[in-house]
Amino acid sequence: MAANMYRVGDYVYFENSSSNPYLIRRIEELNKTANGNVEAKVVCLFRRRDISASLNTLADSNARDFEEESKQPTMTEQQKHQLKHRELFLSRQFESLPATHIRGKCNVTLLNETDVLASYLEREDCFFYSLVFDPVQKTLLADQGEIRVGSKYQAEIPDKLAEGEPDNRVQEKLETKVWDPDNQLKDHQIDQFLVVARAVGTFARALDCSSSIRQPSLHMSAAAASRDITLFHAMDTLQKNGYDLARAMSTLVPQGGPVLCRDEMEEWSASEAMLFEEALEKYGKDFNDIRQDFLPWKSLASVVQFYYMWKTTDRYIQQKRLKAAEADSKLKQVYIPTYTKPNPNQIMTPGSKPGMNGAAGFQKGLSCESCHTAQSSQWYAWGPPNMQCRLCASCWIYWKKYGGLKTPTQLEGAARVGSDAAPRSHMTRQEVQGMSPFTSNAGRAKLLAKNRQTFILQTTKLTRIARRVCQDILQSRRAARRPYASINANAVKAECMIRLPKASKNPVKNRSVARPSLVTIVKELAIQAPLKLKAPRGAPTPINRNQGNQPRSVSGLLSKRPFDSVKGSNVSFPANGRQFTPGLRTTSQSVIKRQKVNQGDAPNPVVFVATKETRALRKHLSQAEMRRAARKPHLLVRIKLPLPPRPLPVPMLPSSTSEPIVLED
């Protein structure tokens, strides 16, 4: 019952996604909405995975400085990795979340020099913070509320003097005396002098024009003159004049007029006091932000003094009563039952209903991505769906609470930020042509200068063995057809290590594939697509013949292109269509200028030209045969040509000489 009871000030886990880690928030208020639901106004705390890489580098340097100053014991790499999951960053960002999304409590403390970092790993649901993150400005700053605990904050106590040993220190440099209790004046004489000082202060406010506006009545002026600033000035005057009442009286009322002493309550105007109350409602007792955002013309000492004087006024008492009444109307605590619904990322057993993420299609034999175990009571899908990674039950709980894996892996960054991964198509067209073996050496030298990075993919022996042993998991043919889909190499190698002892007893036989030689393939290609001689360049092209007849008038170039008729047809076609004979140009068409192609943008010099016979043969191939020929270009393509059409019988006409011509009159 107490574990499910959440109160204001508790640090709790919030779940906003079934696959992402929990959000860590601090409850500030519990409000009941109009429809009866409970919403929690919370303060946001951020993890390392929520901030940028540059801020993570800044946090790492701050952590190293802390370890050096506090002399932390050495930790292993795995402990340092897990310790980053326990670090949080406080912020001043508020948000409202449904209370039903709470998934448990946690403990968050401010880090100080006396803490041992390794102790946070030993305790469950424990986090720490030392920096404040600003989501708007994207900055990390040290927490202003740091508790000054440690050796460097302790006072240095000098050694005790022996009996009879003189104290050679200069007392005036150590402290300043402001009041001597062993003076020659009696208590009633001091009280009389303080009354005179208050009367002088009231008279001085009557003479001051600005004070008469702020305190228009005598009672207000007398109350202002009775404040502590007047009494402190009177007692300081007695100390400076050697407790001589006559000299002190003359100091209170010099030749120019009475001395007027004001404190911060009198110096501040009503509008400035309203700004201070508004800033105090927003920032609390963070006087640096109050001065910076609301009262930049005031000093920090003035803001602090006004705050403590403002707490003695009736205005503070009224606001305190209003806040107490408002707090009574709000909820103090709320009961949230334990969340028992199944997570959609659960990988179901074959007999049960599959999850929302298609977990029933997961391959068998995969191990945990974090602890690499192969046995677990429940498995959860983790990471990108095409990677088919999974976590065991304990690692899944660790991932949800701490936002990381127990051991550092390369896939953790890919699962955290999928958009940060570099695209696969990072090479430009020039770079691909530079790597092509058909590019000339002269052109390749220019293209290689533009390459970003030259790399080579080299497989290890274990990878080549895994391809043979784990053919059912790897599915090399399917992977070759989908090169953009990622392969979980770690899972394949882990399964290979399990199957390898059994596979060594039954070696895999290689199937020999009979392939024709290169000479045979070249001869067959030469027969199928013979080379044709190019036409001589001397003869003018149809474009050159029509250039002399091209009109030069502006109206002919800018006017709308007319329609020309084709011989043998009554249908009109546009002059720029494809219905005309190739090579001919009408007089109404504009001249096409040939663009100079840059060598870097030029295509590969090897070009395959299809002839009329090749196009005719393609029509006799089905779509499946075309795909098969494209996947296996070394195999011969057998085409069944249709039989030629039979000639139609020609009817025999009677000869002109078979019968005589009879002419009738």
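**Reading strands, charges and salt bridges**

Author: Arg631 is found in helix H27, where helices (H or I, at least four residues) and strands (E, at least two) are DSSP runs numbered from the N terminus. This is a predicted model, in which local features need pLDDT of at least 70 and side-chain atom pairs count only at pLDDT 80 or more, while totals for chains, interfaces and linings use all residues. Residues are numbered from 1 along each chain as its sequence is written, and side-chain values use heavy atoms, with hydrogens and water left out.

Reader: Is Arg631 buried or exposed?

Author: Buried means under 20% relative accessible area, exposed over 50% and partly exposed in between (1.4 Å probe, protein chains only). Arg631 has a relative accessible area of 58%, so it counts as exposed.

Reader: Which residues gather in the patch of positive charge on the surface?

Author: A patch is made of residues with over 30% relative accessible area and no salt bridge, like charges being joined within 9 Å, with each charge placed at NZ of Lys or CZ of Arg. Here the patch unites Arg477, Arg481, Arg627, Arg628, Arg631 and Lys632. Helix H21 (476-481) and helix H27 (623-631) are the elements that give two or more residues to the patch, and H27 supplies the largest share, three residues.

Reader: How should I read the faces of a strand, and what covers those of E2?

Author: In a regular strand the side chains alternate between the two faces of the sheet. In strand E2 (residues 11-14), Tyr11 and Tyr13 lie on one side and Val12 and Phe14 on the other, and all of these are buried, which leaves both faces covered.

Reader: Which strands pair with E2?

Author: Strands of a sheet pair through backbone hydrogen bonds, either parallel or antiparallel; two strands are said to pair if DSSP finds at least two bridges between them. E2 pairs with strand E3 (residues 23-32) over four bridges in the antiparallel sense, and Phe14 has Leu23 as its bridge partner in E3. E2 also runs antiparallel to strand E6 (residues 102-110), again joined by four bridges, with Val12 opposite Lys105 and Tyr13 opposite Gly104. E6 in turn is joined by four bridges to strand E7 (residues 126-134), and these two run parallel.

Reader: How many salt bridges does a search of the whole structure find, and which residue forms one with Lys105?

Author: A salt bridge is a side-chain nitrogen of Lys or Arg within 4 Å of a carboxyl oxygen of Asp or Glu, and the search finds 18 of them. Lys105 forms one with Asp10, the closest N and O atoms being 3.9 Å apart. This pair links distant parts of the chain, since Asp10 sits in the loop between strand E1 (5-7) and E2 while Lys105 is in E6, 95 residues apart. Lys105 is partly exposed, at a relative accessible area of 31%.

Reader: What distance separates N and O in the salt bridge of Arg92 and Asp286?

Author: Their side chains meet at 3.0 Å, N to O. Arg92 belongs to strand E5 (residues 87-98), whereas Asp286 lies in the loop between helix H11 (270-283) and helix H12 (287-293), 194 residues apart. Arg92 counts as partly exposed at 48% relative accessibility, whereas Asp286, with 14%, is buried.

Methods:
Patch = residues over 30% accessible without salt bridge, like charges linked within 9 Å, V, L, I, M, F, W, Y side chains within 5 Å. Areas by Shrake-Rupley, 256 points an atom, 1.4 Å probe, with all protein chains shown as cover. Lys, Arg positive; Asp, Glu negative; His and termini not counted.
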